[in-house]
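Trainee: Please take a close look at one part of this model, the place where the two chains meet. I would like one connected account of it.

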Amino acid sequence: MNDPIPGSLTAAQSLGGHAPRQATQQHSASASTVDTSHLVEVWGDTVDSRHLAWSVVLGIAISLGAFMVANRIFALFVHDAAMSRAYSMLVGLLACLVAGAVCARLFKPKRRVVEETADSARLQSVLDQLATEPGGLGSVADLPPAVAAEMKELGLYDLFADAERRVKETV
Amino acid sequence: MMDHLLTQAIAALSMGLIGAIVFSGVGLISGTDETTTIAPLTLLVALLGVPPAGVFTFFMAGAVAKHMTHAIPTALLGIPGDTLAVPLMPQAIMLRNLGVPHIALRKMVSGALIAAFVAVPLAVLFAVLLAPFGSMISKAAPWVFLAAAIAIAYFSSGRWSSVLLLIPFVLLIIGLQSVTGKYGVKLSVSYFLGIAIGPLIADLFSILSPTYRVGMRRDQVKTCSVAPDVKGWSGYFPNPLRVLDKQQRNWTVATAAISSATFVFSPVAMTVVMGELVGSRIHQAYHRLTTVIAARNGVTEATYIAEALIPLIAFGLPLSPVAAGPAAPLFNAPPRFFVDSATGQINNLHTLMNGWEFLVYGLLSVLLAALIAYPLTMNYAHRAASFVARKVSHESIIATFAGLIVVIGVWEGQLLGLAVIVTVGLFGGLLSRGFGFNSGVQFMGYYAAVLSVPAITKIFT
C-alpha cells in the first residue's frame with residue numbers, strides 16, 4: 001500500500017498539480033467566535049436561542065409585512081380578486097427568502113466545519129466493518145473487468161485484495 | 001388545437017426549467033422537506049393560472065432535480081438530504097470513509113437519473129392499466145382512504161399506536177374544520193403545511209418551556225465535516241451512462257421497474273427492501289456498496305414518481321403518501337383544482353391532461369431536471385456543500401420557514417389559518433416525535449377526516 005489516501009492522487013492532478021491539503025482538519029473561522037452559553041438544538045441543528053428568537057421575529061415581520069403591503073397594492077390594480085391574492089402570495093414567499101438572507105447575514109452558522117481527508121485508520125475500520133457484514137468482503141478476482149478497472153483507478157483494488165487475504169489468513 | 005398545444009408546450013418547457021433551477025438550489029439545504037417547499041410553490045403556480053402542463057412539469061422537474069441535488073449533503077456532509085435519503089446513509093458514509101465520496105455522489109445521481117427515465121413510462125402504463133377501476137375506486141373513495149390510512153399507519157414506525165392515534169388526530173382535524181367553518185373559512189393547504197412543518201413547530205414550543213429547554217441545551221456547536229473535493233474525470237461532467245457498470249445499470253432498471261408498480265407503500269420502506277435484495281446478489285464488498293447506493297437512490301426516485309403519477313393519472317384522487325403530501329396541489333388547489341367529496345366530482349390535472357400528455361411532459365420534466373441538476377451536482381457539489389455549511393445558518397432557514405408558515409396561513413384563512421397551522425403542527429410534531437406517527441400517516445389522516453368521516457357518519461345516522 002503505497003498510497004494510503006486513494007482519492008488524493010486524482011484530486012491533486014485535477015487541481016493542476018497543487019499539493020493536496022496536508023492538514024487533516026481545517027477549522028472554519030466562525031467556530032471559535034461562537035458564544036456557547038445560549039446554544040440549543042432545534043430541528044436538527046444547533047442555534048443560539050437569542051438569534052433564533054430574532055430570526056423568528058424577523059422572518060414573520062418581513063414576510064408578513066411584504067404580503068400585507070402587496071395585498072393592498074395588488075387589490076388596487078388587479079381586478080380579479082383570486083389573482084391579486086395569488087400575486088400577493090408570490091411576493092410573500094419571495095419575502096421569506098429575503099428574510100432568510102437577512103438572517104444569514106446577521107447570524108453566522110453555529111457549526112464547526114471540518115474539511116477532512118481520508119485517513120488510513122478510518123479506511124481500515126470500513127474494511128473491517130464490510131468483512132463482518134453478511135456477504136463479507138467477497139473476492140476482487142470475481143469482479144467484472146470494468147469494476148476492477150474502476151477500483152484500480154481509485155487505488156482501492158489492492159486495498160481490498162490485501163484485506164481479503166488477511167481475512168482468509170485469520171480464518 | 002395547434003395553439004392550445006403550443007401554449008401547453010411553452011408553459012411546460014418554461015415552468016419545468018424554473019422548477020428544476022429553484023429546486024436544485026433547495027435540494028442543497030439538507031432537511032428541507034418536499035411538502036414544505038414543493039407543495040406551496042406548486043400551489044402558487046397552479047393559482048397563478050399556469051396551463052396544466054406547466055403546473056405538472058414544474059412539480060415533476062422540481063421533485064426530480066431536488067432528489068439529485070440532495071445527494072450532495074448526503075454524500076459530502078454525511079447528513080441525509082431529506083427523509084428519503086436516510087436509507088442511503090450507511091453506504092454513503094462507508095464510501096466517504098474509503099476516500100471516494102465523489103463515487104457515492106456519481107453513483108447516486110446516475111442511478112436516480114436512469115430510474116427516473118424508467119419510472120415515468122412505467123408509472124403511466126400502470127396508471128392506464130388501473131384506470132378502468134377508477135370510477136369504482138372514486139365511488140369507494142371514503143373507504144379506500146380509510147383502509148389506506150390504517151395500512152400506512154400500521155407500516156409507520158408507530159405500528160398499532162399510529163393506527164389508534166388516527167382517531168384523536170382525525171377528531172382534531174374535524175374539530176378545527178367545524179370551528180373555522182363557523183367563520184366561513186375553509187382551509188386545506190394550512191393543514192398540509194402544519195403537518196409537514198410540525199417538527200419545527202413542536203421544537204419552537206419546546207424551547208419556550210423551561211422543562212424541555214434543559215434537554216435541548218448544547219455546550220458546543222455541531223461538527224460538520226465536509227468530505228474532500230475529488231474530481232475523477234476529465235471534461236465538464238462524466239457521461240451518466242458510463243458511471244454505472246452493466247450490472248449496476250441492470251439492477252437499477254430492474255428495481256426501479258418493480259418500485260414503479262407500487263404506489264401505496266412508503267418510498268423509504270421500498271428503498272430499504274430493494275437495497276437488501278440487490279446487496280444479497282453482489283459478492284464483492286466495494287461493488288456491493290456502489291451497486292446498492294445506485295439502486296437505492298434509483299428506487300427512491302422511481303417510487304416517488306410512481307406515487308405521484310399513478311394516483312393522479314388513474315384516479316385523480318391523492319391515494320398515496322406522496323400524492324397526499326408534496327403532490328397535493330396537483331389534486332387540490334381550490335378554487336382551480338378540487339375533488340368534491342360530496343358529489344364525487346373531480347376537476348384537476350387528472351381531468352385536464354391525458355395519458356400521452358402525462359408521458360411526454362413527464363419525460364420532459366426528467367430531462368430538464370437532468371440538464372440543470374446533473375452538471376451542477378458533478379461540478380459544484382463540493383463548493384455548494386461547503387458554502388451551505390459555512391454561510392447558511394440554521395437560524396436563517398428557520399426564519400424562512402417561520403415566514404412561510406405565516407404567509408400561507410394568513411393567505412388562506414387570516415389569523416384562523418395561522419392558528420390551524422400552528423395547532424396541527426404542534427400536535428402532529430409531538431405525535432411524530434413521541435410515537436412515530438409520521439407525516440405520511442398524518443396526511444392520510446387528513447383525507448380520512450375529509451372523505452371517510454362523512455361516509456361513516458352517514459351509516460350511523
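Mentor: A term comes before the description: pLDDT is the predictor's confidence in each residue, on a scale from 0 to 100. This is a predicted model, and for chain B the mean pLDDT is 88, with 97% of the residues at 70 or more. For the complex, the predictor gives an ipTM of 0.84 and a pTM of 0.84.

Now to the contact itself. On one side stand 75 residues of chain A, in contact with 63 residues of chain B. Several elements of chain B give two or more residues to this side, among them helix H2 (34-47), helix H10 (189-208), strand S1 (222-226), helix H15 (285-314) and helix H19 (355-391). The most comes from H20(B), which gives 14 residues. Sorted by class, the side of chain B that touches chain A holds 32 nonpolar, 18 polar and 13 charged residues.

Strand S3 of chain A, residues 111-115, pairs with S1(B) in the parallel sense, over five bridges.

Of the 171 residues in chain A, 37% are buried. Within chain A, 65% of the contacts between residues at least 6 apart in sequence join residues at least 24 apart.

Conventions
Residues are numbered from 1 along each chain as its sequence is written. Chains are lettered from A and ligands numbered from 1 in the order in which they are written. This is a predicted model: local features need pLDDT of at least 70, side-chain atom pairs count only at pLDDT 80 or more; totals for chains, interfaces and linings use all residues. A residue is buried if 20 or more other C-beta atoms lie within 10 Å of its own, exposed if 12 or fewer, and partly exposed in between; C-beta atoms are placed from the backbone. Two residues are in contact if their C-beta atoms, placed from the backbone, lie within 7 Å. Helices (H or I, at least four residues) and strands (E, at least two) are DSSP runs, numbered from the N terminus. Ala, Val, Leu, Ile, Met, Phe, Trp, Tyr, Cys and Pro count as nonpolar, Asp, Glu, Lys and Arg as charged, and the others, Gly among them, as polar. Two strands pair if DSSP finds at least two bridges between them.
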